[in-house]
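Please open the structure in a viewer and keep the selection panel at hand.

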Amino acid sequence: MQVFLQTFINSLQNIALYSMATIGIVLIFRTSITTNFAQGMMGTFSAFFTANFVLYHGMPFWAGITIGALIAFCFGYLIDAGIIRHGREVNASGRQMITMGLMMIFYAIMPAMFVSITTRTPNLPKFSYTNLEFSFLGQELYITEHALICLVIAVIGLSILFFLLKWTKWGMGLRATASNEVVAQMMGINTKFITGVTWGIAGLFVAVAASSTAMSLNAGMMGTVQIYGFLACVLGGLSSFGAPIAGCVLIPLFLNYSAVFSPKWAGLISFILIMLIILVRPNGLFGKKLVKKV
Amino acid sequence: MEKNVLTPNILRVSGTETNRLRIIRHPFFGFIIFGVGMILVQILQKFGVVNYSFAKALGQTAIYGIAALGFSFLLGYAGLSSLGTAGFAGLGAYLTGLILNTYAQVPYFVTLIAVLAVSILLGVSVGFISLRIEGIFLAIVTLGLSEVLGQVFLNAEFTGGPNGMRTGYIRLLPNLLNIRTNISILFYIVTAILVLLMMLTSNLISSPTGRAMLAMKNSTSAAQAMGISLLKYRLLAFILATAYAGIAGSLHMIYGQYTDPVQWTIMFSLNILAACLVGGAKSIWGILIGTLIIFGLTPLFFQDITLLRNNSWIMSVISGVLIILVVMFFKGGIIQLFKNLGVQIRIRNEKKKEYRFGKDE
C-alpha cells in the first residue's frame, strides 16, 4: 500500500511535466496540422537561457523561469511568422520535415551559444530542495516541494489556457482556425495572429516544463519527454484539446508502476500497454473518428 | 537468322542503332554505370588518388541509401507515414552482430537471410497495425515501436548496452573468403547489393504493384473501389521497407564492425525521411541524391574544410536550413530541378530546330 501510494505521488511531477510539454504539441497539431518535432528543443533552448541567468548571473529561479518562458514565447511566434506560416502548401510529411530542420538547427546552435553550460553540464535548479512528509491512510509518505510547485503551476497554467480557449474571443478564433482555416479566414478571423500566438503559447508551456525538470542540462534532455508526449496525444486522442492531458496523466503512472516491477523494462511494458489501448481504440481513449466525404 | 538475311542493309543498320539506344535507355543501364562508378572510386583509392576516409564514407552513405530506398515505398508510393526506420535497421544490425558473435562458422549470407526473415515478420506486424491506425497516428506509433526497440538495444544483455556491440570476423561463404578488416571487399558487396536493390525497386515501382500502391496513396477509398486490396499492398509496403532497412542495418554492422544504441534513435528515422523528401521520394536517383546530401555531405566533403571541421555545429545548421529550404520551395525535391532542366533543354532544342529547318506543318 505504501509503495502504491508513494509511486503515485512520485508520478505527480512527471504528470505536470508531460502535460505542460504536450499541450503545445496538441495546440500546434490542431492549428498548423503537423507534429512538431522541435517542441522539446524549444523548451531546452529556453531552459539554457534560464540556467544561464540563474546559475551564472545570480537571478532567482522564478525570475529566470519567467524570462526563459517569455523568450520561448517570442521564439515560438517568430518561428511561425518566419517559417511555418509560409509552408502552408507543403504536404503533411513536408511540414514534419520543416520542424525537424528546426530541431536540427536548435540542437546545433545551443551548445555553440552556451559554451559555459555545455562544458560543465550542471543540473537545473529547483524551486525548493526540501521534502514534505505527511501521513495519509495511516501510511508515511513524502513529496518533494519542487514537485508540488510544478504541479500547482501546471494546473493553474492549463486552467487559464482552457479558460481562454473556452470563453474568450481569441479561444473561439483558435477553435475556428483548428476546424477549418480557410473558412475561419473568410469569417474575418486573423488566423496569422492566432497561429503565431499558438506557437508562442506552446513554446511558453514547454519552456516552463523544461526549466523545471531538475535534470542535468544537455541539448537532448527533452527527447524522451517529447516522444512520450506524442504517445500521450495518440493515447488520449487528438480530437479535443483536453484529451491528450488524460494520456499525460496515464503515461507517467504506467511508467512508474511498471518500474516498481522491473526498472529496466519499464518503458517496454508501458509501451505495450499503450499499444494495446491504441489498437482497441485507434482514435485514442477520448477521440472521435473523423468521417471524410469521398 | 533468316530474317536478318532478308532485311535490306539500311534497315539492319538502323535496327542495331535503336538496339544500342534501347540498351542505353534501359533503366538498369544507369544503375550499372553507377555501380561501376562506385567500384572505380574504390579502385582509385587503392592507387591513392582518393582518400581512404572518402571511400569509406561513400560506402556508409550507400548503406543508408538502401534504407532510404526501402522507406520510399512507404512515403513515395504507399503514402504511409512511418518513423520506425531506426528501429528496423537497428534490429538488423544487432541481429547480425548476435549471430556472427555466437556462431562464428555461419557464413554472412545465411545471417542476411535470417535478418530478412525477422525483418519481414516485423513488417507484417507493423502492416497489420497500419490497417487500424492511419496518418500521423501511425507515424507516432511506429516511432514508439522504434523507441522500444532502442530500449531493448540499450538494456538487453547481448547488446553490450551503451558500450555498443562489435563483430570481428566475417565469413562470406563456408570455408571461403574470411574477412576481418578488408573494407574494400565489403565495399564491393555493399555496392552490389545497392545496385541489385535499385533494380528490384525500379522493377517493382513500374509494375502493377507500384501502380496499385500509388493508387492507394492518392485515395484509399478509390483504390478499394478499383479492387485493390489495402491489406495486401500495405503489408507489402511495410515488408519491403523493413526488409530494406534490415539489410541496411546488417550491412552497417559488418561494414563498420560496430554499433551502439545512439545510432538508432529518432534522428536516424528523421534523417531517412529527410533524405527521401529532399531528393524526391518518387525517384530512385532522387533518393540517392537526397541520401548523399543528408548523410554524405559532412563525411565526404565538409570534413576537409578546417573551419567546418573545428565547428561541427555549422554543418548541422547548414543541413537544417537546407532541409527547410528544399521542402518549402522545391516540392518534388532536388530531382525535380534536374527534370525541369531537362524539359527546358528539350524546349530549347526544338526551338533551335524550328529556327534552322522551319516549322513542321
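The stops below concern the interface between the chains and the salt bridges.

This is a predicted model, in which local features need pLDDT of at least 70, side-chain atom pairs count only at pLDDT 80 or more, and totals for chains, interfaces and linings use all residues. Residues are numbered from 1 along each chain as its sequence is written, chains are lettered from A and ligands numbered from 1 in the order in which they are written, and side-chain values use heavy atoms, with hydrogens and water left out.

**The interface.** Select chain B together with chain A: 39 residues of chain B are in contact with 40 residues of chain A (heavy atoms within 4.5 Å). The buried area, about 3600 Å², comes to 83% from carbon and sulfur atoms; this is the accessible area (1.4 Å probe) lost by the two parts on being put together, summed over both.

**The cross-chain pair.** Next, select Glu157(B) and Lys264(A), whose side chains form a salt bridge at 3.3 Å, N to O (a side-chain nitrogen of Lys or Arg within 4 Å of a carboxyl oxygen of Asp or Glu). Between chain B and chain A the count is 1 salt bridge. Glu157(B) is exposed, with a relative accessible area of 71%, whereas Lys264(A) is partly exposed at 37% (buried means under 20%, exposed over 50%, partly exposed in between; 1.4 Å probe, protein chains only).

**The pair within chain A.** Finally, select Asp80(A) and Arg85(A), which meet in a salt bridge of 3.3 Å, N to O. Both residues, Asp80(A) and Arg85(A), are buried. The whole structure holds 2 salt bridges over all chains.
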